[in-house]
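Please keep the sequence and the structure in view while reading.

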Amino acid sequence: MEFTFTSEEKAFRQEVRQFLEKELPSDWNGFTEAEEGSRQAHAMGRAFTKKAARRGWVAMAWPKEYGGLSASHIQQAIYGEELAYARAPSDVPSHMAVTWVGPSLILYGTEEQKREFLPRICSGDIGFCTFYSEPGAGSDLAAMQTRAMEDGDDFVVNGQKIWTTGAHNADFGWLAARTDPNAPKHKGLSMFLVDLKTPGLEIRPLINMAGTHEFNEDFFTEVRVPKKNLVGELNRGWYLLAVALDFERSGVSSFASARRSIEELVEYARERKAGGRSLAADPTVRHKLADLKVAVETGRLLAYKVAWMQGRGLVPNREASQSKLIGSELSQRIANVGMQLLGLYGQVGRGDRHAGLLGRVQRSYMATVPATIGAGTSEIQRNIIAQRGLGLPR
Ligand SMILES: Cc1cc2nc3c(=O)[nH]c(=O)nc-3n(C[C@H](O)[C@H](O)[C@H](O)COP(=O)(O)OP(=O)(O)OC[C@H]3O[C@@H](n4cnc5c(N)ncnc54)[C@H](O)[C@@H]3O)c2cc1C
């Protein structure tokens, strides 16, 4: 792996920065608490995605024939990194479509599916949510009970999904369902593309501990999915899903967000006085911030390694789990250190005159709790690293 960027990659990074400077208000610092998870935030995210789409950037590493630019995965990572650092408005369903639904379709979809869905994802016109988890199937995902049974030209879906991020703003769902109830649990699953407007599908909001509407529970009653929307082979969906999860766990965005948060904490520590001297003069504070900085640089390299592997047509597995594990746990460590630095001020939110760093620390203290649960818990990532990476026994 190369540890430097080429001159084209450096020039591209500058181009993205110029785009962000032009398109974002000069005082932009991400969504406010009130906006997060709202319809308005979604509309802003979608509009911003469409602006980037006009430059062909949304899924630039995809082949030109499907709406991409056939650019390198490193370039795609640079784009994601710059947007996350700038806290640019993002559209969650579009992100899911670009990060794991599209790449899975490129590998396993029919030509018709590729032509129907990929260009619309690239143009920012459609986004996906992910129907995997159920009330009785999270870490043990293969225990899912939602069924899709063949009936004429369709599969008929019945069951319940839960924790579905962004379903209320998505256009299509990426669904895993049981197609052979009599087969061993990993062997009777299949993957589908579901139009969320299909009759019989009800999406109900779930409000998280930070008070925002990010995820949902979904009820499927006799939902008819055309057979042409089956992705990959019937009953072999588990293998496809595992690859899609590897794509989901990849990405450099979490490290870019982390870098920005650490820089803000360093700035705060320099400015804030306690006992007549700045916080930054305290060796314990310096050590904590240095530790975070080391972790973010390590994680960033790992995330770029994953992009480099994707560029070579390799599917990252334990590498994606390592990146997800380090990124999600780092976000919690940053929030913890932030709380320690801000003291009582850390507990007040944006809008309060005592709030430090725009109330962002209080917010991220709560908002980062689910980071080590979604896309597979830290325990599951450690199991993958141990078993598939280090070859340890089950
Ligand atoms: C913010 C957020 C967004 C999400 N978005 C989506 C989404 O869009 N679509 C979707 O389908 N799902 C989504 N999920 C669900 C998520 O994938 C599950 O919550 C996760 O896989 C854990 O499953 P569970 O909640 O059922 O917990 P459980 O599986 O019941 O786990 C409970 C505890 O047991 C531990 N545990 C379980 N099995 C093992 C094991 N074998 N070894 C060691 N420890 C173990 C877990 O680590 C955890 O600590 C989201 C979750 C969150 C928090």
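The points below treat the ligand and then the histidine.

The structure is a predicted model. The ligand lies between domain 2 (129–234) and domain 3 (249–389), because both domains give residues to the shell around it. His-168 is found in a loop between two strands, S3 and S4.

**The shell around the ligand**

- The ligand is surrounded by 18 residues, and the closest are Ser-133, Ser-139, Trp-163, Thr-165 and Glu-379.
- By residue type, the shell consists of eight nonpolar, nine polar and one charged.
- Helix H11 (residues 378–389) contributes the most to this shell, giving three residues.

- A polar side-chain atom of Ser-139 is 2.6 Å from an oxygen atom of the ligand.
- A polar backbone atom of Tyr-132 lies 3.0 Å from an oxygen atom of the ligand.
- The side chain of Asn-383 has an N or O atom 3.1 Å from a nitrogen atom of the ligand.
- On its own, the ligand has 970 Å² of accessible area, of which the protein covers 62%.

**The setting of His-168**

- The loop that holds His-168 runs between strand S3 (154–162) and strand S4 (172–178).
- His-168 counts as buried because its relative accessibility is 17%, and buried means under 20%.
- A polar atom of the His-168 side chain lies 3.3 Å from the backbone oxygen of His-213.
- Apart from neighbours within four places in sequence, His-168 is in contact with Gly-37, Arg-39, Ile-203, His-213, Glu-214 and Asn-216.

Conventions. Residues numbered from 1 in each chain as written. Predicted model: local features only at pLDDT ≥ 70, side-chain atom pairs only at ≥ 80, totals over all residues. Heavy atoms only, no water. Helix = DSSP H or I, 4+ residues; strand = E, 2+ residues; numbered from the N terminus. Buried < 20%, exposed > 50% of the residue type's maximum accessible area, 1.4 Å probe, protein only. Polar contact = N/O pair within 3.5 Å; in protein donor to acceptor, adjacent residues only side chain to side chain. Contact = heavy atoms within 4.5 Å. Near = heavy atom within 4 Å. Areas by Shrake-Rupley, 256 points an atom, 1.4 Å probe, with all protein chains shown as cover. Nonpolar A, V, L, I, M, F, W, Y, C, P; charged D, E, K, R; others polar. Domains from an automatic or database assignment.
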